Amino acid sequence: MRLLVLGGTRFVGRALVEQAAALGHQVTTFNRGRTGQDVPGVEAVRGDRENAADLHALVTGREWDWVVDTSGYVPQVVGNVARLLSGRAGAYVFLSTVSVYPDWPAEPVDEASETYECSPDMPGTAEDEANWTAAQYGAYKVGCERAVQEAFKGQVTILRPGVILGPLENVGRLTWWLTRIARGGRVLAPGAAGKPIQPIDIRDLTAFTLSCLEKEITGTFNITAPKGHATFGELLDACRAVTGSDAELTWVNDEFLVVRKVRQWTEIPLWRTPPGTWTVDSAKATAAGLTCRPIEETVRDTYAWLTESGGPLAYDRQAHHGLSPERERELLQLWDRR
């Protein structure tokens, strides 16, 4: 099939393009060419989705069967793109986020949970995203969802992923844990080893995305691994196994870390105490065909990619993730003296 990917050079967009090309689909990507290399063998069209002339150049003489938007952040901009592509493609998948729910991560959520309010005509630029709060980010994604649903005349699927891990991960979550555990020694492990987690492997997300298009599946879906799919302890044990590390995990309870103002989600990647963090209901996606590989496979393949490729492309969010050695040592010393 003929597939247009808006984005397509890093993380989810790149993984999607690679998988689609491997399946024999004819892929076109549309991006500014600033954040990564094109996947070999695809048609790469340069342009800015905020520039009307660039958009018209993209669609002139081209049509597609499917569109996947992996890089939409501003509702008005997303709506303009969806409106222009309406009639030039039959189906549109928009990659949103579980952050659209104001109750998350404080409470469990499913697709029927309340979302933020945001106009589909909300203006702005993608450059503003770096300064948005979590609530602004979630609200803008709601506006983007509405913009696609209202502007695109064809099949529309909205996917709301939770935490995405796996090869090509550029945020610095699993990659930080692998690097830290590979270094060995005594490692601060947060919370409890048995705490359930439900990250989605990037390849399972992209496979489900293509499956929705192939099977003409429409609607809105949370995309996470099933509840109880893995635990934090299994994740870190897998990191030790694949790195061959002698790291000694010291499990430090949540209260101790919270009192000492350790930044959740960033200073210790993937650690968060609100009860809804890892209780996102994705049963609807599972019923529609989403399958999730074992966490050990995600860790193994991410480490192989990390060591073979030298790691992800530079991305500003990486700097926010991970304990410094000095901070980790200080916390462990305080834990020992408690």
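Reply: In this predicted model, one aromatic cluster is formed by Trp176, Trp177, Phe232 and Trp251. Within that group, Trp177 and Phe232 make an aromatic pair of the edge-to-face kind, with 6.0 Å from centre to centre and 80° between the planes. Trp177 belongs to helix H5 (residues 174-183) and Phe232 to helix H7 (residues 232-243), so this pair ties together parts that lie 55 residues apart in sequence.

Are the two partners buried or exposed? The relative accessibility of Trp177 is 0%, so Trp177 counts as buried. For Phe232 the value is 2%, and Phe232 therefore counts as buried as well.

The structure holds nine aromatic pairs. Another of them joins Trp132 and Tyr140, a tilted pair with 4.4 Å between the centres and 35° between the planes. Both Trp132 and Tyr140 are buried.

Leu168 is found in the loop between strand S7 (164-165) and H5. Its relative accessibility is 19%, and because the limit for buried is under 20%, Leu168 counts as buried. Neighbours within four places in sequence aside, the contacts of Leu168 are with Phe11, Arg14, Ala15, Glu18 and Trp305. Leu168 and Ile202 are 34 residues apart in sequence, while their C-alpha atoms are 8.3 Å apart in space.

A further region to examine is strand S4 (residues 66-69) with its two partners. Strand S1 (residues 2-6) is joined to S4 by four bridges, and the two run parallel. Four bridges also join S4 to strand S5 (residues 91-95), again in parallel. Val67 of S4 stands opposite Leu4, and Val67 also stands opposite Tyr92 in S5. From S4 the chain passes through helix H3 (residues 75-85) to reach S5, a β-α-β crossover that is right-handed.

Which way do the side chains of S4 point? Trp66 and Val68 point one way, whereas Val67 and Asp69 point the other way. In a regular strand, side chains alternate between the two faces of the sheet. All four of these S4 residues are buried.

These parts may now be placed within the whole. The protein contains 11 helices and 15 strands. Its radius of gyration is 20 Å, close to the 20 Å that the globule rule gives for 338 residues, so the protein is as compact as a globular protein of that length. The C-alpha trace spans about 70 × 40 × 35 Å along its principal axes.

Among contacts between residues at least 6 apart in sequence, 78% join residues at least 24 apart. The pair of Trp177 and Phe232, whose helices H5 and H7 it ties together, likewise links parts 55 residues apart in sequence.

Notes: Residues numbered from 1 in each chain as written. Heavy atoms only, no water. Buried < 20%, exposed > 50% of the residue type's maximum accessible area, 1.4 Å probe, protein only. Pairing = 2+ DSSP bridges. Right-handed = clockwise from strand over helix to strand, strands pointing away. Rg over C-alpha atoms; globule rule 2.2 N^0.38 Å. Contact = heavy atoms within 4.5 Å. Phe/Tyr/Trp six-rings, centres within 6.5 Å; stacked < 30°, edge-to-face > 60°.
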